[in-house]
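User: Could you walk me through how to read this model, one feature at a time?

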Amino acid sequence: MNWLFSWLVALLVTLPLAFRVAEIGGKPVDLVGSDLLFLLLIVVPKRRDLVIPRGIVLWRLSIVRLAVAVEILYCVALSAIAYAESSELSRVASAVKFAKPLAFMLLGTYLAAVTPPIMLLSRISIAFAGMTLATFATAVCTPGFPHVAWGRFLFAFPLYGYPNSVMTMFAVMVPLLLAVADTRQTSLGKWTLRGVALLTGMMVVTSLSRSSSVTLVCGILFYLYLTGRMYLPLFAGVL
């Protein structure tokens, strides 16, 4: 059950597709694959059945939950005031969209308490690697390749929020791919994930999204700094 649960989470987290479900005040309301993660709360284990993974410090998770809950309440209060002044539901929808990433932080603290985080992050990176390769294969099969938008489509479906939103997600995932590659036991596993990280970075840069490119560079530099390898970009700069 834990095996299936972790892979289900990994697939939903890395699926960058959206489906239009409604419109509020002329603004679209889209359902993204990761939104379905909240359905996992239905199967929350009872406290007596909860097995805390080794290395998890519950009081730290509690601090994160408290901080996020305060921020969500602040967003809700602002949207309530705006709705009272204008009677526009779009204000409420905008507040919900803004607060949704904060809600994912709460969900993350739950997932960390029921699934070993290292294992879950590893499977998320592997699922993302598969999705990246499928996205690149779609670009290769598109007439006009390589002079097409890499990473714009996954098979026949456009990626959600291209280029800025989805490419920022791609950029954030590159350091995770590098981290998981460093933990692989075999050379094949290491270089396969590093190759996928390189391909992902190329897709981010060719999307011409400046914010995503900045996120990519900062994320890689931060990871190299944490792992004591800042000499690599310095050496490349000298060359």
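Analyst: Happy to. Let's begin with a cut-off we will need: a residue counts as exposed when its relative accessible area is over 50%, as buried when it is under 20%, and as partly exposed in between. Phenylalanine 155, with a relative accessible area of 59%, is therefore exposed. Please keep in mind that this is a predicted model.

User: How much of the protein chain counts as buried?

Analyst: Of its 239 residues, 34% count as buried. As for the overall layout, the protein chain has 8 helices and 4 strands. Read from the N terminus, the order of elements is α-β-β-α-α-α-β-β-α-α-α-α. Among contacts in the protein chain with a separation of 6 or more, 67% are between residues 24 or more positions apart.

User: Now the helices. How are two packed helices described?

Analyst: The general idea is to give the angle between their axes and the distance between the axes. Take helix 5 (residues 164-183) and helix 6 (residues 187-206): their axes come within 9 Å and cross at roughly 165°. Angles over 145 degrees count as roughly antiparallel, so helix 5 and helix 6 are roughly antiparallel to each other. The crossing of helix 5 with helix 6 is left-handed.

User: Which residues of helix 5 and helix 6 meet?

Analyst: On the helix 5 side they include Met167, Phe170, Val174 and Leu178, and on the helix 6 side they include Leu193, Val196, Ala197 and Val204. By class, the residues in this contact of helix 5 with helix 6 are 13 nonpolar, 3 polar and 3 charged.

User: How does helix 5 lie against helix 7, parallel or antiparallel?

Analyst: The axes of helix 5 and helix 7 come within 8 Å and cross at roughly 15°. Angles under 35 degrees count as roughly parallel, so helix 5 and helix 7 are roughly parallel to each other. Here helix 5 passes helix 7 in a right-handed crossing. Contributors include Asn164, Met167, Ala171 and Pro175 of helix 5, along with Ser212, Leu216, Ile220 and Tyr223 of helix 7. The contact of helix 5 with helix 7 divides into 10 nonpolar, 6 polar and 1 charged residues.

User: Serine 212 is in that list. What is in contact with serine 212, beyond its neighbours within four places in sequence?

Analyst: Those partners are Pro163, Asn164, Met167, Thr168, Ala171 and Val204. Serine 212 lies in helix 7 (residues 210-226), and it counts as buried because its relative accessibility is 0%.

User: Next, charged pairs. How many salt bridges are there?

Analyst: To count, a side-chain nitrogen of Lys or Arg must be within 4 Å of a carboxyl oxygen of Asp or Glu. By this rule there are 2 salt bridges. In one, aspartate 35 pairs with lysine 100, with the closest N and O atoms 3.1 Å apart. Aspartate 35 sits in the loop between strand 2 (27-32) and helix 2 (58-86), and lysine 100 in helix 3 (residues 89-114), so this pair ties together parts that are 65 residues apart in sequence. Aspartate 35 is buried, at a relative accessible area of 12%, while lysine 100 is partly exposed at 27%.

User: And how far apart are the closest N and O atoms of aspartate 182 and arginine 194?

Analyst: They are 2.9 Å apart, and the two residues form a salt bridge. Aspartate 182 belongs to helix 5 and arginine 194 to helix 6, so the pair ties together parts that are 12 residues apart in sequence. Both residues are partly exposed: aspartate 182 has a relative accessible area of 26%, and arginine 194 one of 24%.

User: Which residues does a cis peptide bond join?

Analyst: Phenylalanine 145 and proline 146, with omega at about 10°. Proline 146 is in the loop between helix 4 (117-140) and strand 3 (153-154).

Notes. Residues are numbered from 1 along each chain as its sequence is written. This is a predicted model: local features need pLDDT of at least 70, side-chain atom pairs count only at pLDDT 80 or more; totals for chains, interfaces and linings use all residues. Side-chain values use heavy atoms; hydrogens and water are left out. Axes are lines fitted to C-alpha atoms, for helices over the stretch in contact, and angles run from 0 to 180 degrees between N-to-C directions. Helices (H or I, at least four residues) and strands (E, at least two) are DSSP runs, numbered from the N terminus. Angles under 35 degrees count as roughly parallel, over 145 as roughly antiparallel, 65 to 115 as roughly perpendicular and the rest as oblique. A crossing is left-handed if the near helix is turned anticlockwise from the far one by less than a right angle, and right-handed if clockwise. Contact means heavy atoms within 4.5 Å. Ala, Val, Leu, Ile, Met, Phe, Trp, Tyr, Cys and Pro count as nonpolar, Asp, Glu, Lys and Arg as charged, and the others, Gly among them, as polar. Buried means under 20% relative accessible area, exposed over 50%, partly exposed in between (1.4 Å probe, protein chains only).
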